[in-house]
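This report covers a surface patch, a sheet and a set of salt bridges. Please have the model open alongside.

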Amino acid sequence: MSAAVAVTVVGAGPYGLAVAAHLRGRGVPTRVFGEPMGSWRARMPIGMFLKSTPAASSISSPRPGFGFNDFRRAHGERPVGARYPIPVAEFIRYGEWFQRQCVPDAQNSEVVSVTPEAGRFLVRLADGESFESRAVVLATGFPPYAWIPPVLRPLLEAGAASHSSALTDPAAFAGRRVAVVGAGQSALEGAALLSEAGASPVVVARRERLLFGAPPPVDGGADRPLATRLRSPVSPLGPGWPLMAFSRAPAAFRHLPDGTREHYVRTVLGPAGAWWLRERVDGVLPVVTGRELAGADLNGAVRLSLTGPGGPVEADHVLVATGFRVDVSRLAILDPSLRAAVRTHAGAPRLSAGFESSVPGLYFTGLAAADAFGPVMRFVCGTGFAAGRLSRALAARRSRPAA
């Protein structure tokens, strides 16, 4: 067995890399595991763009010089503003650059289990290595939490449906009819990419109409008139005082009642497409709105029964773009006793102000922390708050005598 470490970070996406960088900045010995930007590379479709603006897409570092535009400057590219949709391939390259600069010793190894061990944790890797860790930070991102409505799960098992997080190559559906269920960014961009790759998508949404964001009036927030900035300030999540509050006060969000937090996490920046998607979807692709799924049958082709007037939708495949629902019970790497010991609300872990769960030494960040700290945890711009809080908490914990 390898020597014990102070902190183990599981995951090398934006949140895992940010936490690791901040821990290193505080001198906390840390081991980081996971393929850098692995989920982004394996689960984002070719041709995708980020919904977040460049100003909201920097991974947090304790030192300046490692933001998205710093990466562009380092590679001879000019800085970009709000009107520049970031290609996912470029963002992946940025994340890999950040890892090389800030967390160079991240290990491209898979953690297969985390087990309680006499006040610590026993961490096992796929290559057979095992070691003890005083604390574990789970930055596993969105893959464990893909949600499929029950009515569509039989189609998934039959291979006639897939979650939008599995749409890596839209061209694989060329010549096929695809029913895209959902009205959010992943649904609308997925439908556009499918159409542009030669498939025949139809969007099926329960909302009465599709929504798209408004184009930024200027490329940078400082270019707006002062009166406009005061009336509707620009935040990492978008313009307006409510989004500014969610962006700047995640610590306060944690003190809201359970039902209020759950409502905001579900509805803030709810189903809508980016402004640059409108011309690729609205009036271009067939859309069925204002109807909900009532049933699904598979008899050669897929037949989706819907509520309300109108007939069913038939397709060769269903792309399920219904988002993600955090559920600690789905984290297979955690020993069953650990999963059972984590106190939850609606499946999400209840977290302290320092992102610690009810199991001492077990921390969650990223999407899993959205129920506690709000919708900013669903976006890269949340890495600053999360990594700062987590690293302070873990540095303080390390200064206490071991149990």
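Arginine 153 sits in helix H5 (residues 153-157); helices are DSSP runs of H or I with at least four residues, strands are E runs of at least two, and both are numbered from the N terminus. This is a predicted model: local features need pLDDT of at least 70, side-chain atom pairs count only at pLDDT 80 or more, and totals for chains, interfaces and linings use all residues. Residues are numbered from 1 along each chain as its sequence is written, and side-chain values use heavy atoms, with hydrogens and water left out.

Arginine 153 is partly exposed at 35% relative accessibility (buried is under 20% relative accessible area, exposed over 50%, partly exposed in between; 1.4 Å probe, protein chains only). Arg153, Arg206, Arg266, Arg325 and Arg330 form a positive surface patch (residues with over 30% relative accessible area and no salt bridge, like charges joined within 9 Å).

## The open sheet

Five parallel strands make an open sheet, ordered S6-S15-S7-S8-S11 (strands pair if DSSP finds at least two bridges between them). Strands S6 (161-163) and S11 (287-288) are the edges; each has a single partner strand, so one side of each lacks a neighbour in the sheet.

## Salt bridges

The structure holds 16 salt bridges (a side-chain nitrogen of Lys or Arg within 4 Å of a carboxyl oxygen of Asp or Glu). Glutamate 90 pairs with arginine 72, N to O 2.6 Å apart. Glutamate 90 lies in helix H4 and arginine 72 in helix H3 (residues 68-74), so the bridge ties parts 18 residues apart in sequence. Glutamate 90 is buried at 7%; arginine 72 is buried at 6%.

Methods
Patch = residues over 30% accessible without salt bridge, like charges linked within 9 Å, V, L, I, M, F, W, Y side chains within 5 Å. Areas by Shrake-Rupley, 256 points an atom, 1.4 Å probe, with all protein chains shown as cover. Lys, Arg positive; Asp, Glu negative; His and termini not counted. Charge placed at Lys NZ, Arg CZ, Asp CG, Glu CD.
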